[in-house]
Amino acid sequence: MPSSQDSGCSTAITLPERTSYSARSHLSNASESSTAVYNQEPFDQYTLKVKDLCQKLWPLATEDFVIERLPGGSYNRIIGITTPPSASGTEKRYILRVARFDEGQQHRELAIHRYVAQHTSIPLADIVFSDATSSNPLGSPYVVQDRLPGSNLFVAYCSLTHEQRKSVIQEFGKIILRLQAVKSESSGIVTATAQNDGTWIYNIRRFDIRPDFVHDVDDVDHPSDHTVLNMLLIQCQRWLALSLQYDPKDILSLDYYAQLSKIAREMDELGVFEDNTFHLTHLDLEPRNIMVVIGSDEHASISGVLDWDSAIFAPVFAACKVPSWIWTWDDGEDDDEETANNVPAKPEDCELKRLFEDIMGPVYLKYAYQPQYRMARSLFLLAKDGLRSSWTIKEAEKLFKEWAEFTDTFDSPDAFIGVVAWALRETDSDCEEAAASDSPSVSESFERLQMDADSSIDRKDSPDATAAVLGVDKAQLKDEKTAQVRILSKS
């Protein structure tokens, strides 16, 4: 991660890349750390292999290639290459991505890159060369891509003017919407098979449950995966089977996956999984993977999106993790979904938040801010990636506690008023005082609801008061949990 001296911003402590979904604490350390973490040869030695590869790819070059050390990621070693004019008529810059693991990873990366290029207008780096085998000077699968112009948004964001930030946010929101517009009946990973005529056939297979990307041929497009609930239950079953294969006495895994499955069923019963369509989702759509070009003091644009390794088809709520870094960057805080809808302290940050929300629309904001969908995102990631570390165990325990507290509110009318009031407050995204109008603002509605709730508690007639406040029949409130969820969703 660049230091605050590099970027001019305050930054958070870097966490291991596989154990964080934060926007700013997730930039990889330099190659020195990756050499140690992944047990790979030092950069100065590896450079000789890269030069051999360059000579093979650009045999006409007579001058030296410039090899640049760049921060890598969990799955790829990243190296910059500048070719001399003799290689192809003019000096050009490229990015070399070398798989840290096996060939299966490279096939997946190439497949999703081709799929996104074919099905969206999102700017991508063109693939110039690729080799999904180890039969090359590097001894590993690799991809050579054009190097996108501009700067990494992680480094550039704090130096952008307010107007430049606004223009970037507008393009960023549209990229998310373009991704969500690509839908599938199945969740999973995109695979591609080349045809003799040069075209590609795409399929979607289940998520990997092993780090070496090994999967069965019958993992492609299972009809049983066509609902969110079934997909989550199947993922828990697959991870549990793998855990018990290694340790038949793994009681912890048995217990935790059972609890995750129970939460999935309860979420489904409460209507959280109302949309069983799966959407194309870039799970790592963070500033470090966005390149921007400065056009003027008033405008900056996104030149491309990087690192499509984590792009999958996922439930709609998984694609709606709100990028609160847009309006909290200067606070030096990591993204926190629980506080993402808090009103920013600075008027300009309020404007950025409101701009993004206006672009995304009410459906996105419902999935982004309401607590049941935030917890559904956590459940999805745990079911997709498995309980493979102490960090994921802690995340699972956090989910167990939060979901228990959330569902307990349905057993207490007074507490349920608090949940509805919270939801009203969360959906009031105005950063400035509401303009005077004949219709009450959400904030005013919340205040009245809170006063009614307090009054009902004081009178100790909460069941009747709750029904009156919420506008539903008391018997319905008592006997039908789904009615409570509908009310919460309408807020």
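Modeller: A salt bridge here is a side-chain nitrogen of Lys or Arg within 4 Å of a carboxyl oxygen of Asp or Glu. This is a predicted model: local features need pLDDT of at least 70, side-chain atom pairs count only at pLDDT 80 or more, and totals for chains, interfaces and linings use all residues. Residues are numbered from 1 along each chain as its sequence is written, and side-chain values use heavy atoms, leaving out hydrogens and water.

Colleague: How many salt bridges does the structure hold?

Modeller: There are 17. In one of them, E266 meets K262 at 2.6 Å, N to O.

Colleague: Where do E266 and K262 lie?

Modeller: Both sit in helix 9 (residues 251–269), four residues apart, about one turn of the helix. Helices (H or I, at least four residues) and strands (E, at least two) are DSSP runs, numbered from the N terminus. Shared partners also link R97, E109, D307 and D309 into one network of salt bridges.

Colleague: Which parts does the pair R108 and D208 tie together?

Modeller: Their side chains form a salt bridge of 3.2 Å, N to O. R108 belongs to helix 5 (residues 103–119) and D208 to the loop between strand 9 (200–205) and helix 8, so the pair ties together parts 100 residues apart in sequence.

Colleague: Is R108 buried or exposed?

Modeller: Buried means under 20% relative accessible area, exposed over 50%, partly exposed in between (1.4 Å probe, protein chains only). R108 is buried at 15%, and D208 is buried at 12%. K262 is partly exposed at 48%.
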